[in-house]
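Q: Can you take me through this one? I'd like the overall build and then the sheet.

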Amino acid sequence: MKYATRLLLSYLFFSILSFSIIIIWVNKAIEHYSFITIEKQMMEKADICELSFREILTRYEKSTTQADASVLAKDVLEVLKASGREVRIYNNNLKLLGSAANGIEVYNGSPKIYRSNIKNALKGNYSYTVTNKSLIYFAIPIQDNYYQNAYVFEIVEDISYFYDIMDKIRFILIIGAGGFIILITLSSLYIARRTTKPIKYLLKATEKFSKQQFDRVELKRKDELGMLAAGLNQMGIKLNEYIQYQKQFISNVSHELKTPLAAIRGFSQYLYEGENEDKDLKKIYFHLENESERLTKLINELLILSRFDKATSELNIDKEDLSELTKHVIKEMKPKAEEKEILIETDLKNGVWADVNKILMTHAIANIFDNAIKYSNAGGHIRVETSAVQNTAVIKISDQGIGIHKNELFMVQERFYRAENSNLAKGSGLGLSLCKEIVEKFNGQLIIESEIGVGTSVSLLLPFV
Ligand SMILES: Nc1ncnc2c1ncn2[C@@H]1O[C@H](COP(=O)(O)OP(=O)(O)OP(=O)(O)O)[C@@H](O)[C@H]1O
Ligand SMILES: [Mg+2]
């Protein structure tokens, strides 16, 4: 997952989480405090009703004619019938003595009674129940002269307005949170882009470094990223200096060695060809000639590389048929393959054209072919194919040799790197790096596929012209 996406998702996750917590918490708090207000209002109303009720009750208890409870309820209702949407009076046996709805006394009917509510009130405290239809049944105990809870006065009110307000508040909260989350998403997108932009730039710079392109990293910031850029610049300068020094050193040594080596090679060849009597001596001269030839090859390759490094040489580039160049290489190297009884199978298509320098390209093909022979076991099999596929000219050389471990596939393309199991044959580890630089010089690429013990395929890909 990309850094910017991860940043964005983390922002989103934490903002949604915190908003959900805040919304739940605010919702609960508003509900709680609003309900306290309703409760308070109901209590105030209850106190007034209780006073009026008791006044009537006192009058009754003083009067000489003891009227029954239903007459009392009627009188109370006459005074308090408009105290709520509905009012009811119960005696201490939970019997409904009378009720009024919308300010009108109701004489018959059996409304739903919340008995537990009345029972609670009879214990001496206010008690209320809220129904599904948003009705609050608020029950008030009424004491007689002997301080007994003799009656319960119940006020029923519609508090649906409270739930409507709560719904509206919830809606506003959710809309607000949604808007805020959109804002946070947009701003975190902006922040993520802004943060990753210099990181991407630094990443590109390191990619260039790995290709030995040490361009200056320009990042005018005073924070950690700016410091990282400055550090990269320092590293680039040091690395470049070191690589240039190394290349210069190799170039100087190669130049210095070239002339004496040519002399050694000439003399050893002369000695080898002139010695016909002493077999041991002839063997030594043969060895001498062989080694000096190998060293000459190495020096020549180093000189080609150092010419590439300096990039001063203007190469002659012509349109060449890669199949023809490959044919030529196979012809030259066939004796070497035959020495190891290696069978060469070819499939060379006509007209595999590419813009290359003939000498260098031949050198590259020969190097790959040389490896295929060197790292094949005796009696092996090498297949050479050329083709033009979708604007790409391809030379593919496959062997059934020792193979290269997948961890070393890229390292073998570095100068002087030889794979662990390469002691089967002599070499300096320069061939492949040279091939790579040659094909890259002609805008191509080198691709190696290999499996230990199964074989190796090396493809040289060039733009088909
Ligand atoms: N066809 C192959 N099969 C197995 N290993 C290979 C093959 N080609 C290259 N290698 C491995 O890659 C390493 C690098 O190859 P490269 O051609 O650069 O060097 P070299 O063959 O050792 O020496 P040079 O080519 O300079 O004489 C070799 O040492 C060898 O370990
Ligand atoms: Mg080689």
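**Strands, sheet and overall build**

A: This is a predicted model. To begin with one pairing, S4 and strand S5 (residues 135–143) are antiparallel partners, joined over four bridges.

Q: Which residue in S5 stands opposite serine 127?
A: Alanine 139 is the residue across from serine 127.

Q: What is the strand order in the sheet?
A: The order is S3-S2-S1-S6-S5-S4 in an open sheet of six strands, and the pairing is antiparallel. Strand S3 (104–106) and strand S4 (127–130) are at the edges; each has a single partner strand, so one side of each lacks a neighbour in the sheet.

Q: How much are neighbouring strands turned against each other?
A: On average by 20°, with direction ignored.

Q: Which strands does helix H1 lie across?
A: Helix H1 (residues 3–62) lies across S4, S5 and strand S6 (149–158). Relative to S5, the helix runs at about 40°.

Q: Changing topic: how many helices and strands are there in the protein?
A: The protein has nine helices and 13 strands.

Q: And is it spread out or compact?
A: The protein is more spread out than a compact globule, because its radius of gyration is 50 Å, well over the 23 Å that the globule rule gives for 465 residues. The C-alpha trace spans about 165 × 50 × 45 Å along its principal axes.

Q: What share of the residues is buried?
A: Of the 465 residues in the protein, 22% are buried.

Q: What about contacts between residues 24 or more positions apart?
A: They account for 62% of the contacts in the protein with a separation of 6 or more.

Terms used
Residues are numbered from 1 along each chain as its sequence is written. Chains are lettered from A and ligands numbered from 1 in the order in which they are written. This is a predicted model: local features need pLDDT of at least 70, side-chain atom pairs count only at pLDDT 80 or more; totals for chains, interfaces and linings use all residues. Two strands pair if DSSP finds at least two bridges between them. Helices (H or I, at least four residues) and strands (E, at least two) are DSSP runs, numbered from the N terminus. Axes are lines fitted to C-alpha atoms, for helices over the stretch in contact, and angles run from 0 to 180 degrees between N-to-C directions. Two residues are in contact if their C-beta atoms, placed from the backbone, lie within 7 Å. The radius of gyration is taken over C-alpha atoms; the globule rule is 2.2 Å times the number of residues to the power 0.38. A residue is buried if 20 or more other C-beta atoms lie within 10 Å of its own, exposed if 12 or fewer, and partly exposed in between; C-beta atoms are placed from the backbone.
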